[in-house]
Amino acid sequence: MPIAIDRRRFFQSGALAAAGIAAAGRLQTAAGEPAGGRQTAFEAARQVPVVEEADVVVCGGGPAGVAAAIAAARTGAKTRLIEVNGCLGGVWTAGLLSWILDTGNKTGLMKEILARLKERGGLAVYGGDRRYDVEEMKILLEEICLQAGVLVRLHTRACSAARSGKRIEAVITESKSGREAFRGKVFIDATGDGDLAAQAGCGFDYGHPETGQAQPMSFIALLSGIEAEQVAPFVRELAEAKDWGSPKDNLRAEMQRAGVDPSYAKPTLFYIRPGLFCLMANHQYGVAGTNADELTAASLQGRAEVHRLVSALRATGGRWADLRIVATPEHIGVREGRRIHGRYTVSTEDLLAGTRHEDAVCEVRFPVDVHSTNPAETKGIADKKVRAKPYEIPYRALLARDVDGLLIAGRNISGDFIAHSSYRVTGNSVPMGEAGGIAAALAARSGRMPHELAWSEIREQRRAQAAAG
């Protein structure tokens with residue numbers, strides 16, 4: 001539940017009354033429970049200091065959040081970016097994704113990021129503009145944010161929200177610095193799972209409409225000790241160039257020959273640069289990205305499986321004799337979380353029709369890509385019989401329906417299960433964040449709410465920033 005603000009006390013004292021962990025807290029057996037049964041911890045109320053006031057507060061420093069923060073700062077807004085991990089980039093970096101999908105028709109910040117990665121030697125030799133070196137991506141995103149004037153806070157989680165009426169006015173965080181409040185004029189939820197929006201009281205959908213199951217997660221690993229020419233039959237670009245069949249099927253057969261069978265039916269080996277590869281061979285089924293116990297179990301199981309697969313390949317000798325894991329991710333790759341209710345819902349019908357909008361944020365060309373939620377049916381991609389035409393995501397899908405002053409960007413925008421499987425890839429998250437950041441800055445600087453802006457204002461500012469970049 002969002003925390004209600006006593007506005008006079010909030011603004012006069014600079015502190016927010018909120019629930020917090022305090023030494024005076026106590027344990028009590030819940031009503032109706034037998035003695036020794038389930039207990040409830042009662043926390044004493046305390047004052048949470050408002051440590052900063054900004055024009056725009058962005059929660060989540062993944063592809064959408066970084067883009068939102070950069071765009072907002074470049075529009076002249078004082079912008080605070082809050083990220084739970086120890087680096088910017090989210091799934092790009094902490095998740096080791098190493099692969100950006102649906103970038104071919106993107107301009108603006110997505111084009112700028114790719115160009116600057118290329119300048120610093122961070123793009124893959126093979127695979128065009130989509131594979132990248134994770135460490136180069138980390139430092140690049142930090143540089144762009146700092147150059148734009150973004151105020152970056154890492155190692156900090158958004159854990160609650162404060163509202164006055166329907167309007168969000170502060171986010172409450174937890175970190176090594178304790179419990180703190182950041183006040184803003186406009187907020188952007190780019191957490192991927194819609195954490196801030198849910199805490200602020202927004203409605204949302206989750207998982208398949210019939211089963212409630214979300215798509216499986218993947219635990220990625222960076223590998224070394226192999227050479228491109230030696231493993232060419234198992235690398236997409238190299239195998240296809242030689243007409244060696246499906247590299248994914250080849251890799252699975254090689255793993256089975258080594259005595260192991262991956263949980264993902266289409267294991268993929270990406271070539272990043274000489275001596276560095278990325279492996280995606282894992283699926284964790286039935287895991288909710290909003291449940292810490294399930295995320296923990298999935299991470300432990302995923303890491304164990306990746307090590308088991310790599311060890312088995314190495315034991316076969318030959319081309320795999322020196323294969324080693326360089327790194328596993330700081331967090332498991334989550335495909336699907338909350339889909340926050342917006343003022344427009346991107347639907348399966350939009351994909352089928354190739355729907356266009358006057359307030360189009362970006363065009364999506366990525367197909368429907370539902371990783372099966374039921375491994376008994378398939379451990380690969382489920383055929384949902386939907387063939388998407390290129391379609392557009394409207395700005396209205398980024399506007400939270402139930403809370404004012406809140407934008408959403410990335411895979412947690414408003415859409416249905418099938419549509420989400422198409423627009424969720426990070427090549428689309430960047431322009432979503434870019435549009436949301438510009439809108440937030442324009443609204444904050446003019447004293448309006450994001451839903452009160454004319455799309456033409458946002459569009460012209462985006463064009464100006466793209467031209468300047």
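Trainee: At what angle do the axes of H11 and H12 cross?
Mentor: In this predicted model, local features need pLDDT of at least 70 and side-chain atom pairs pLDDT 80 or more, while totals for chains, interfaces and linings use all residues. Residues are numbered from 1 along each chain as its sequence is written, and side-chain values use heavy atoms, without hydrogens or water. H11 (426-446) and H12 (455-468) are DSSP runs (helices H or I, at least four residues; strands E, at least two). Their axes, lines fitted to C-alpha atoms over the stretch in contact, with angles from 0 to 180 degrees between N-to-C directions, come within 10 Å and cross at roughly 115°.

Trainee: Which residues of H12 make the contact with H11?
Mentor: Contact means heavy atoms within 4.5 Å. H11 contributes Pro 431, Glu 434, Ala 435, Ile 438, Ala 439 and Leu 442. By class, the contact has 6 nonpolar residues (Ala, Val, Leu, Ile, Met, Phe, Trp, Tyr, Cys, Pro), 3 charged (Asp, Glu, Lys, Arg) and 2 polar (the others, Gly among them). On the H12 side stand Glu 457, Ile 458, Gln 461, Arg 462 and Gln 465.

Trainee: Which helix gives the most to the lining of the second largest pocket?
Mentor: That pocket is lined by 15 residues, with Thr 107, Ala 360, Val 361, Cys 362 and Arg 462 nearest its centre. The lining divides into 6 nonpolar, 3 polar and 6 charged residues. Strand S17 (360-364), H11 and H12 each supply at least two residues. With 5 residues, the element that gives the most is H12.

Trainee: How far apart are the axes of H2 and H3?
Mentor: H2 (residues 63-74) and H3 (residues 108-119) pack at about 105° and are therefore roughly perpendicular. Ala 67, Ile 70, Ala 71 and Arg 74 of H2 meet Leu 109, Glu 112 and Arg 116 of H3. This contact has 4 nonpolar, no polar and 3 charged residues. The axes lie apart by 11 Å.

Trainee: Which residues of H4 does H2 meet?
Mentor: The axes of H2 and H4 (residues 134-148) come within 9 Å and cross at roughly 25°, which makes the two helices roughly parallel. From H2 come Val 66, Ile 70, Ala 73 and Arg 74, and the contact has 7 nonpolar, no polar and 1 charged residues. The partners in H4 are Leu 141, Ile 144, Cys 145 and Ala 148.

Terms used
1 Å grid on protein atoms, 1.4 Å probe; cavity = no way out; pocket = protein on both sides within 12 Å on 5 of 7 lines; lining within 4 Å. Parallel < 35°, antiparallel > 145°, perpendicular 65-115°, else oblique.
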